[in-house]
Amino acid sequence: MNRYAVLGQPIQQSLSPVIHGAFAQQLGIAITYERIEVAPEALAERLVELHAHGYLGLNVTAPHKLGALAAAVTRTPRAELAGAANTLTRNETGWQADNTDGEGLVRDLRDNLGWTLAGKRVLLLGSGGAARGVIQPLLEAGPAELIVSGRTPWNVE
């Protein structure tokens with residue numbers, strides 16, 4: 001059976017196992033998808049263990065998006081540009097980092113809500129790993145203005 005997980009701290013609130021389990025069931029794919037709580041200082045070691053145990057992919061949430069990028073052996077251009085990763089895919093030597101946060105957000109706003117970002121003023125609240133992943137895709141959607149605001153001014157800068 002193919003093994004997947006979401007990593008974070010805290011992690012019990014994550015609905016990823018339910019969501020991915022439903023998709024897998026609809027498609028007739030046999031998977032296990034679990035929540036794994038990992039302290040930031042243990043992330044690199046835990047990623048090595050999960051690779052050794054045959055996990056095929058990992059979703060990454062707070063506070064690990066920067067650490068996941070640093071621990072990856074390869075990176076997609078999106079992850080490089082964002083400086084953060086929310087997805088790790090198994091390869092022969094370790095993990096490949098990607099960042100799908102922005103593509104997912106823009107697609108949801110456009111396709112599910114019917115919003116057009118072109119020419120609009122957009123306010124992004126937050127400046128962590130998820131925000132890093134959505135800035136470029138938001139800019140590519142052509143807003144007139146993108147304002148980023150967060151609790152920590154040095155992160156926003």
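A salt bridge here is a side-chain nitrogen of Lys or Arg within 4 Å of a carboxyl oxygen of Asp or Glu. By that rule, R75 and E80 pair through their side chains at 3.5 Å, N to O. Please keep in mind that this is a predicted model, in which local features need pLDDT of at least 70, side-chain atom pairs count only at pLDDT 80 or more, and totals for chains, interfaces and linings use all residues. Residues are numbered from 1 along each chain as its sequence is written, and side-chain values use heavy atoms, with hydrogens and water left out.

The structure holds eight salt bridges. In one of them, the side chains of D101 and K65 meet at 2.7 Å, N to O. D101 sits in helix α5 (residues 101–112) and K65 in helix α3, so this pair ties together parts 36 residues apart in sequence; helices are DSSP runs of H or I with at least four residues, strands are E runs of at least two, and both are numbered from the N terminus. K65 is buried at 10% relative accessibility, where buried means under 20% relative accessible area, exposed over 50%, and partly exposed in between (1.4 Å probe, protein chains only).

Another bridge joins D98 and R78, with the closest N and O atoms 2.6 Å apart. Salt bridges with shared partners join R78, D98, E103 and R107 into one network.

Now for L88: leaving aside neighbours within four places in sequence, L88 is in contact (heavy atoms within 4.5 Å) with residues including L47, L58 and W95.
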